[in-house]
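Dear colleague,

I am passing this structure on to you, and below it you will find notes on what turned up when I went through it. Please look at the model first and then read on.

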Amino acid sequence: MVGAGLAGVRACESLRARGFGGTLTVVSDEPDLPYDRPPLTKQVVAGTLTEADIRLAGAEDFGARWIRGTAAVGLDRVRRRVRLAGGAELPYDGLVLATGAQARPWPGQVPAGVLTVRGLADVRALRAAVGGGAREVVIVGAGFVGVELASSLVGLGLGVRVTLVEPFRRPLRALGGTVPDVVAAAARRAGVGLRLGTAVSGFRTAGERVAGVVPADGSDLPAELVVVAIGMVPATGWLAGAGLALPSGRVHCDARLFARTAAADGTAGAVDPRIVVAGDVAWCEAVRSADGPVPLEHWSNAAAQGELAAGNLLAGPAAADGYEHVPSFWTSAFGLRIKSVGLPGTGGRVVAEEGEPGSEKVVEAHYRDGRLVGAVSVNLGKRLVEYARRLQEERDRPEPAGDGRIPMPVAE
Amino acid sequence: MRITVDYGLCDGLGQCALVAPEVFALDDDEQLVVAPDPAPELAGKVAAAARACPVRAISVEGA
């Protein structure tokens, strides 16, 4: 097991629940025991959940050998060995790739006081900075991490002033429809300074530390602390040269979660029957929009893929089950409880089907070529069950046109 | 089958309702509602719903 996030932990549980009695080794580059990620930017920053509250597994669990704080740095599929930092090699009969993703770093050097937030260590650093008196915070990027952090920080009641800078004109724009505007209005009401349509060109420093963020328009945003929240990059650098297909940096896997090897022309080839993939790192053929496979970076996907990947690894490709999953996620910020099913970002037409568009109680359905592709709710999550059922029916319906082939991007 | 929800943990995320809508639902305020006495043949779905709970608020006995 390489990776000990949710997907890795669920795979461990699944292996043992299915009677796997062999040796199980879990490799993680993080020193911490496995923990749950969604609360990090919300309850853990807010201080309402502790590190113990979000632990997913203990060192005694799964009868596993844990190798923590050590990264996997190479994979030799022919000799069936994972190479670790420091040079040790782990042989395997079966391998689960669940290394997840890392925060996308700022392109260039950053001064002290500029953080990214992806893991527990990052949130510890953020809390320490605020605990140490930082009151002027600029967050670069108004995606899920940026918006949740902004909400949590202004909600602390410590007088932290938060400015959210975003190059696009709307926060959480992936949600589409009117929901991003609802989020923007709620953020402003909560006292967050929103600088939308504003790119960041760099940082101003005082000595070694950050003192401000410099937008491209030449203005200046004073900052004692800066969080760069500009997305994530899949953690597959260590797989370069392993001969696996890595479209957009993720591990290409078939509909049963077996990793595909890279063919000579760089496209995806046959599966490696000893390697399965789960979670943020996966690029799975069974998770598709009309344009082809799409990556999912959601809790529910990591949990479900971890469970199935382990079962399929034990069963082997011939007896493995296909991955069937209606994507879903949730976020909450500024008193808004936002939920989604399907792939709302892939639709062209958005229809408010319950509640008022632009209000804090609404369900918006997303359609593409007349077919439902996703739905987003604000404070009306009870309606999503019906949309999930409709999405399942859409998925089980044959494609209206095309030759059924999956477009394969050239592997990187 | 006996289903127990720890409402101190439940955050109304509704993942259980997506997995086993016959048994779990959210109300108008996004509070979780559980159907009493689910049919025994739903045991597998209820167990899957419990595993799908991000805050592990659902426990199932006798499934």
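**Salt bridges and the interface**

Glu148(A) counts as buried, at 6% relative accessibility, in what is, please keep in mind, a predicted model. Its partner in a salt bridge is Lys42(A), with the closest N and O atoms 3.1 Å apart. Because Glu148(A) sits in helix α4 (residues 144-154) of chain A and Lys42(A) in helix α2 (residues 40-46) of chain A, this pair ties together parts that lie 106 residues apart in sequence. Lys42(A) is buried as well, its relative accessible area being 11%, and buried here means under 20%.

A second salt bridge in chain A joins Asp217(A) to Arg195(A), where the closest N and O atoms are 3.2 Å apart. Here, too, distant parts of the chain are linked, since Asp217(A) belongs to the loop between β13 (209-215) and β14 (221-222) of chain A, and Arg195(A), 22 residues away, to strand β11 (residues 193-196) of chain A. Asp217(A) is exposed, with a relative accessible area of 51%, whereas Arg195(A) is partly exposed at 24%.

Within chain B, Glu22(B) and Lys45(B) form a salt bridge whose closest N and O atoms are 2.6 Å apart. Glu22(B) lies in the loop between α1 and β2 (24-26) of chain B and Lys45(B) in helix α2 (residues 43-51) of chain B, so that the two are 23 residues apart. Both are partly exposed, Glu22(B) at 41% relative accessibility and Lys45(B) with a relative accessible area of 34%. Elsewhere, salt bridges that share partners join Arg337(A), Lys339(A), Asp11(B) and Glu30(B) into one network.

Turning to the interface, 18 residues of chain B are in contact with 21 residues of chain A, and the two chains bury about 1,500 Å² between them, of which 45% is on carbon and sulfur atoms. Of the area that chain B buries against chain A, Leu18(B), Glu30(B) and Arg51(B) supply 34%, more than any other three residues. Five salt bridges are counted between the chains, among them the one in which the side chains of Asp28(B) and Lys382(A) meet at 2.3 Å, N to O. Helix α1 (residues 15-19) of chain B gives the largest share of the side of chain B that touches chain A, namely three residues; by class, that side has eight nonpolar, three polar and seven charged residues.

With best regards

Definitions and conventions: Residues are numbered from 1 along each chain as its sequence is written. Chains are lettered from A and ligands numbered from 1 in the order in which they are written. This is a predicted model: local features need pLDDT of at least 70, side-chain atom pairs count only at pLDDT 80 or more; totals for chains, interfaces and linings use all residues. Side-chain values use heavy atoms; hydrogens and water are left out. Contact means heavy atoms within 4.5 Å. Buried area is the accessible area (1.4 Å probe) that two parts lose on being put together, summed over both. A salt bridge is a side-chain nitrogen of Lys or Arg within 4 Å of a carboxyl oxygen of Asp or Glu. Helices (H or I, at least four residues) and strands (E, at least two) are DSSP runs, numbered from the N terminus. Ala, Val, Leu, Ile, Met, Phe, Trp, Tyr, Cys and Pro count as nonpolar, Asp, Glu, Lys and Arg as charged, and the others, Gly among them, as polar. Buried means under 20% relative accessible area, exposed over 50%, partly exposed in between (1.4 Å probe, protein chains only).
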